[in-house]
Amino acid sequence: MRFTVLTLFPDFVESYFRTSVMAKAVERGLVSYSVVNIRDFAVDRHRTCDDAPYGGGYGMVLKAEPLAAALDSVGASDKHVVYTTPAGALFDQERALALAEQSDIVLICGRYEGIDERIIDLYVDEQLSVGDYVLSSGELASLAVVDAVFRLVEGVITAGSLNEESHCDSLLEYPHYTRPEVFRGRAVPEVLLSGNHAAIDAWRRRMSVERTAARRPDLLARAALSDSERERLIENGGHDESDTGD
Ligand code: SAM
């Protein structure tokens with residue numbers, strides 16, 4: 001999988017690709033990337049990339065010409081182009097899975113009040129928002145998209161662990177504990193120390209369902225719950241996360 005990120009802050013974006021799991025995926029040849037400085041495509045002496053909006057109003061707009069030249073330089077018309085914007089469709093695990101089917105993704109990081117709309121008309125395949133809030137620029141949003149997608153590439157993460165994560169099957173993940181057994185008077189749930197893997201799996205599944213009911217009931221409609229799980233939720237009035245499995 002290849003990611004190309006168009007940005008006004010190349011150092012910031014580069015540092016992400018050189019860090020942690022992504023750095024290892026790049027080293028292993030599972031992912032490749034390039035970071036393109038939009039400013040390199042500005043033609044005037046001051047390398048201007050922004051201009052005032054037609055019609056007046058607050059702020060500036062990222063100009064079409066340098067952005068179009070940057071997009072042309074990476075052959076964007078043959079690639080899947082994503083623009084991260086608060087006005088986009090909400091990015092979620094389902095969209096991450098769909099994007100992971102693409103092999104060559106170009107991401108445009110917006111800035112100022114956003115980018116000239118004609119770039120969206122001419123180049124962009126998908127507009128994505130990382131949440132219902134406004135960030136100062138698109139780097140964090142684009143890298144959130146990259147991060148959620150690249151870890152789905154085969155070989156990056158142990159396949160089994162992906163199947164148990166939050167948002168897989170529209171459920172949130174169960175709670176985790178590690179040593180020590182008692183921390184500040186709080187003990188690890190007995191069941192996790194029992195060595196009984198069937199009981200541990202059942203407890204984790206129950207925690208996962210109850211946690212989702214408590215925190216994200218909106219997800220449950222899409223979750224594949226058994227009849228007994230649904231009945232239990234109704235009996236409990238939604239959730240009972242206090243159950244430690246003792
Ligand atoms: N004026 C824009 C609006 O109201 O929709 C907000 C512009 S924001 C200050 C600058 C850039 O940050 C955007 O062009 C976009 O690339 C990025 N951005 C901000 N919030 C975002 C979000 N929730 N999701 C994705 N990108 C976001």
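1. Basis. Residues are numbered from 1 along each chain as its sequence is written, and side-chain values use heavy atoms, with hydrogens and water left out. Because the model is predicted, local features need pLDDT of at least 70 and side-chain atom pairs count only at pLDDT 80 or more, whereas totals for chains, interfaces and linings use all residues.

2. The sheet. Five strands form an open sheet with parallel pairing, in the order β2-β1-β6-β5-β7. Strands are DSSP runs of E with at least two residues, helices are runs of H or I with at least four, and both are numbered from the N terminus; two strands pair if DSSP finds at least two bridges between them. β2 (32-37) and β7 stand at the edges with a single partner strand each, so one side of each has no neighbour in the sheet. From one strand to the next, the twist averages 30°; the angles run from 0 to 180 degrees between N-to-C directions of axes, which are lines fitted to C-alpha atoms, for helices over the stretch in contact.

3. Pairing of β5 with β6. Strand β5 (residues 80-90) runs parallel to strand β6 (residues 104-109), joined to it by 5 bridges. Within this pairing, valine 81 has valine 106 as its bridge partner, and valine 82 has leucine 107.

4. The crossover. A right-handed β-α-β unit is made by β5, helix α4 (residues 93-99) and β6. Right-handed here denotes a clockwise path from the first strand over the helix to the second, with the strands pointing away from the viewer.

5. Pairing of β5 with β7. Strand β7 (residues 126-129) pairs with β5 in the parallel sense over 5 bridges. Leucine 128 in β7 is the bridge partner of alanine 89.

6. A ligand oxygen lies 2.8 Å from an N or O atom in the side chain of tyrosine 83. Ligand nitrogen atoms lie 3.3 Å from a polar backbone atom of threonine 85 and 2.9 Å from one of leucine 135.

7. The ligand shell. The elements giving two or more residues to the shell around the ligand are β5 and β7, and β5 gives the most, with 4 residues.

Notes: Polar contact = N/O pair within 3.5 Å; in protein donor to acceptor, adjacent residues only side chain to side chain.
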